[in-house]
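Please view the structure below before reading on.

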Amino acid sequence: MFKLIWLFFRVGAMNEIQYRVNFVIQLFQSLIALGTVLIALALVFSHTTTLAGWSRPELLVVMGVYTLMGGLINLTIQPNMQQLLNDVQQGTLDYILTRPADAQLQVSVRQIHIWSATDILLGTGVLFVAFFQLQTSLGILQTITFVALLLFGGLLIYSFWLIMTTGAFWVIRMENILELFQGIYQAGRWPTTIYPNWLQVGLTFLVPVAFAVTVPAEALTGRLTIVTLLVALALTIIFLLFSRWFWKFGLRYYSGASA
Amino acid sequence: MKYRLDFYLQTMKIAILASFQYRVGEYFYMIGMIAEPVIYLVVWSTVAQAQGGMVGGYTAGGFAAYYIVWTLVRNINIVFTPYGWEWRIQRGELSAMLLRPLHPIHYDLAYFAGMKVVVIILWLPIAIILTLLFHPTFNTTPFDVAVFAVAIWGAYLIRSMLLWLLGMITLWTTRVSALYELYFAIELLLSGRLVPLSLMPPWAQQLASFLPFQWTFGYPIEALIGQLSTQQLLLGLGIQVFWIVTGWLLVRLIWHFGIRHFSSVGN
């Protein structure tokens with residue numbers, strides 16, 4: 001399985017790296033997006049000193065995690081799910097299904113938009129700056145927890161996208177729903193604790209933005225509780241299992257494009 | 001003149017019918033769009049609470065009012081995207097539009113205006129739900145409503161011109177995405193879209209007053225929620241007229257040069 005993933009990664013990356021101008025364009029876009037977000041943060045803090053108990057460097061941590069996770073999503077999850085959606089609509093999913101490797105694995109790793117790695121780097125850069133401002137040191141345990149939570153967050157988002165895209169087997173025209181997700185994901189720029197309760201629940205268990213961004217940020221700023229960590233782990237496992245089951249369920253109903 | 005009016009009405013009719021067909025897709029799009037203002041609303045309400053109830057002249061209820069009207073104005077602001085020009089040129093649609101006896105901008109203005117009719121109707125339930133969820137406070141007078149009804153169309157016209165000007169750059173070069181991204185970022189900050197302009201630092205507010213962006217976004221919102229005096233309302237309408245005329249003249253000018261340069265490369 002890992003050989004397959006590595007193969008897809010290499011081919012995909014080589015394919016994209018030829019277009020070096022795209023790197024510059026992506027960098028420019030990422031910088032503008034980051035600049036806008038930082039300006040928003042500065043504006044908020046020109047009027048107040050804390051936001052729902054989070055200080056400015058702590059919010060910078062949230063922004064960093066948001067950018068990093070966004071980069072990860074645009075690197076692998078979004079291109080693959082987009083391709084899957086196209087395949088279902090065009091009927092070319094059949095080619096994937098006839099191959100001897102597991103279909104879910106293939107549709108999940110075959111595409112890679114390598115230039116989104118700039119967002120990952122920028123996000124990490126923002127985290128470094130935030131930590132410099134926080135002037136606390138980061139313990140080994142904290143770092144490991146953070147990385148683990150990032151992994152859980154990524155897997156949660158992946159499972160969520162897969163569930164949504166699997167819906168295409170029935171609904172076919174899923175683009176608008178996926179765009180809806182992009183909009184909701186923006187809520188992750190700020191810690192989800194600021195939203196009204198009903199919205200927080202939605203952002204935690206329906207669209208797992210809270211676990212993708214806020215919880216890893218909590219790990220870095222020392223707010224993480226054991227309960228949250230365990231819930232994150234449990235939720236990730238549940239989402240992964242459900243998405244796998246739903247995918248297989250969908251495949252059974254998939255009637256293919258040709259007779 | 002009557003012929004132009006007829007063209008507008010017919011195109012609007014077509015747009016209304018087409019948009020109405022895809023109303024479910026439109027709804028998903030509109031719902032996805034409210035994520036942005038709801039986020040801003042929550043953040044600024046939180047700041048207002050931390051500052052003892054008010055910040056920049058807005059209470060939490062004031063912010064709710066601002067951002068709910070925001071959702072309508074945002075939809076009115078949607079016009080033909082400058083990114084669409086490359087697509088249009090490549091598909092030969094621009095060449096086809098040039099064959100018509102009317103300047104192509106009239107088609108865009110008429111078509112999107114028609115879409116707005118459907119958008120306004122679809123928006124009303126969303127506005128009601130948002131009002132129930134976020135408890136806005138309005139200080140609106142009937143005069144405010146009247147000015148708003150005029151101002152949103154002024155906003156629509158100004159933004160149509162601006163984005164047409166951006167789009168026309170494609171007549172010279174296709175490497176435009178960086179410029180567009182920069183434009184949209186500046187517009188986000190200086191139009192009242194990210195935050196009400198009264199929350200921006202004074203130098204930014206000064207800068208914004210010289211630019212057309214706030215007249216497409218912040219001004220209509222502030223008019224409807226009752227934030228402006230009669231004098232400011234009328235002055236704003238006057239400035240809108242100024243920008244519409246300026247925009248129109250610039251469009252004619254740049255079009256004159258651009259269309260000579262345009263050689264319809266592509267299929």
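Helix axes are lines fitted to C-alpha atoms over the stretch in contact, and angles run from 0 to 180 degrees between N-to-C directions. The model discussed here is predicted.

**A helix pair in chain A**

The axes of helix α3 (residues 56-90) of chain A and helix α7 (residues 140-166) of chain A come within 10 Å and cross at roughly 20 degrees. Angles under 35 degrees count as roughly parallel, and α3(A) and α7(A) are therefore roughly parallel to each other. Their crossing is right-handed. From α3(A), the residues in contact include Met69(A), Ile73(A) and Leu84(A), while those of α7(A) include Gly153(A), Ile157(A) and Trp161(A). By class, this contact of α3(A) with α7(A) comprises 11 nonpolar, 3 polar and no charged residues.

**The nonpolar core**

The largest nonpolar core holds 126 residues; among the members that touch the most others are Val62(A), Leu156(A), Val73(B) and Ala155(B). The largest share of this core, 17 residues, is contributed by α3(A). Leaving aside residues up to four places away in sequence, Ala155(B) touches Val73(B), Trp215(B) and Phe217(B), among others.

**The contact between the chains**

Chain B supplies 29 residues to the contact and chain A supplies 26 residues. On the side of chain B that touches chain A, α2 (23-33), α3 (35-50) and α9 (177-190) of chain B each supply at least two residues. The most comes from α3(B), with 8 residues. The table gives the classes on this side of chain B.

| Class | Side of chain B that touches chain A |
|---|---|
| Nonpolar | 21 residues |
| Polar | 6 residues |

Notes
Residues numbered from 1 in each chain as written. Chains lettered and ligands numbered in written order. Predicted model: local features only at pLDDT ≥ 70, side-chain atom pairs only at ≥ 80, totals over all residues. Helix = DSSP H or I, 4+ residues; strand = E, 2+ residues; numbered from the N terminus. Parallel < 35°, antiparallel > 145°, perpendicular 65-115°, else oblique. Left-handed = near helix turned anticlockwise from the far one by under 90°. Contact = placed C-beta atoms within 7 Å. Nonpolar A, V, L, I, M, F, W, Y, C, P; charged D, E, K, R; others polar. Core = buried A, V, L, I, M, F, W, Y, C linked by C-beta atoms within 7 Å. Buried ≥ 20, exposed ≤ 12 C-beta atoms within 10 Å, placed from the backbone.
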